[in-house]
Amino acid sequence: MSTSTTASVSTHILDTSVGRPAEGVAVHLFARAGRDADWRALGGSATDADGRCKDLPALPEGTTHVRLDFAVEPYFEKTEKKQADAQQDAPANRDSGAVFFPEVAITFAVNPGEHYHVPLLLNPFGYSVYRGS
């Protein structure tokens with residue numbers, strides 16, 4: 001939870017290719033204090049059955065930039081066969097089955113006292129993010 005001197009971050013992932021939450025995606029959280037500072041690994045989590053990471057670590061005081069790294073390749077490898085069977089014309093049936101985006105890294109600026117919810121809309125060949133509420 002954010003305080004007047006820190007920001008907080010949450011995220012969730014929706015697999016838009018099947019219209020369901022993406023469960024079991026590893027998410028790692030990094031922070032830095034200033035544009036030229038080094039990134040500091042804070043820890044991580046994995047998405048639950050609802051596609052949410054409810055236990056990301058708190059941001060340290062002085063954080064100005066945050067990076068969320070999503071390891072999506074293992075998720076798609078695990079779900080690829082199931083999705084291809086559900087959708088006859090799924091990309092896995094047409095292409096090599098290789099994951100186009102094996103990782104997604106999202107970097108954003110934060111202000112103290114604010115909460116940042118960053119949803120990831122994901123499919124095998126693209127993704128979109130936005131600042132949620």
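**Notebook: loop, rings, cavity**

I began with V99, which lies in the loop between α2 (91–94) and β7 (103–109). Helices (H or I, at least four residues) and strands (E, at least two) are DSSP runs, numbered from the N terminus. The model is a predicted one: local features need pLDDT of at least 70, side-chain atom pairs count only at pLDDT 80 or more, and totals for chains, interfaces and linings use all residues. I number residues from 1 along each chain as its sequence is written, and side-chain values use heavy atoms, with hydrogens and water left out.

**Entry: V99**

I looked up the contacts of V99, where contact means heavy atoms within 4.5 Å. Leaving aside neighbours within four places in sequence, V99 is in contact with E73, F76 and E77. I also took the C-alpha separation of V99 and P124, which is 6.5 Å for two residues 25 apart along the chain.

**Entry: the chain as a whole**

I counted 2 helices and 9 strands in the protein chain. From the N terminus on, I read the order of elements as β-β-β-β-β-β-α-α-β-β-β. Of the 133 residues in the protein chain, 38% are buried. Buried means under 20% relative accessible area, exposed over 50%, and partly exposed in between (1.4 Å probe, protein chains only). Among contacts between residues at least 6 apart in sequence, 66% join residues at least 24 apart.

**Entry: aromatic rings**

I searched the whole structure for aromatic pairs and found 4. Rings of Phe, Tyr and Trp (its six-membered ring) pair if their centres lie within 6.5 Å; planes under 30 degrees apart count as stacked, over 60 as edge-to-face and the rest as tilted. F100 and F101 form an edge-to-face pair, with 4.8 Å centre to centre and 80° between the planes. F100 counts as exposed because its relative accessibility is 55%. F101, at 27% relative accessibility, counts as partly exposed. I then turned to F108 and Y116: their ring centres are 6.1 Å apart and their planes are at 40°, so the pair is tilted. Both F108 and Y116 are buried. Ring pairs also link F100, F101 and Y127 into a cluster.

**Entry: R67 over two rings**

Which rings does R67 lie over? I found R67 over the face of F30, at 4.1 Å from the ring centre. R67 also lies over the face of W39, at 5.1 Å from the ring centre. The test asks for NZ of Lys or CZ of Arg within 6 Å of the ring centre and within 35 degrees of the ring normal.

**Entry: cavity**

I found 1 cavity of 30 Å³ or more in the structure. On a 1 Å grid over the protein atoms alone, a cavity is a set of points where a 1.4 Å probe fits but cannot get out; lining residues have an atom within 4 Å of a point. Grid points are joined across faces, edges and corners, and a volume is the space filled by probe spheres set on the points. The largest cavity holds about 30 Å³ of space. I listed its lining as T5, T6, A7, L59, P60, G62, T63, N111 and P112. By class, this lining has 4 nonpolar, 5 polar and no charged residues. Ala, Val, Leu, Ile, Met, Phe, Trp, Tyr, Cys and Pro count as nonpolar, Asp, Glu, Lys and Arg as charged, and the others, Gly among them, as polar.

**Entry: G34**

I placed G34 in the loop between β3 (26–32) and β4 (40–46). G34 counts as partly exposed because its relative accessibility is 22%. Not counting residues up to four places away in sequence, G34 touches T64 and H65.

**Entry: C53**

I found C53 in strand β5 (residues 52–53). C53 is buried, with a relative accessible area of 4%. Beyond residues up to four places away in sequence, C53 touches T11, V27, S45, A46 and T47. C53 and V25 are 28 residues apart in sequence and 9.2 Å apart in space, C-alpha to C-alpha.

Methods. On a 1 Å grid over the protein atoms alone, a cavity is a set of points where a 1.4 Å probe fits but cannot get out, and a pocket is an open set with protein on both sides within 12 Å along at least five of seven lines; lining residues have an atom within 4 Å of a point.
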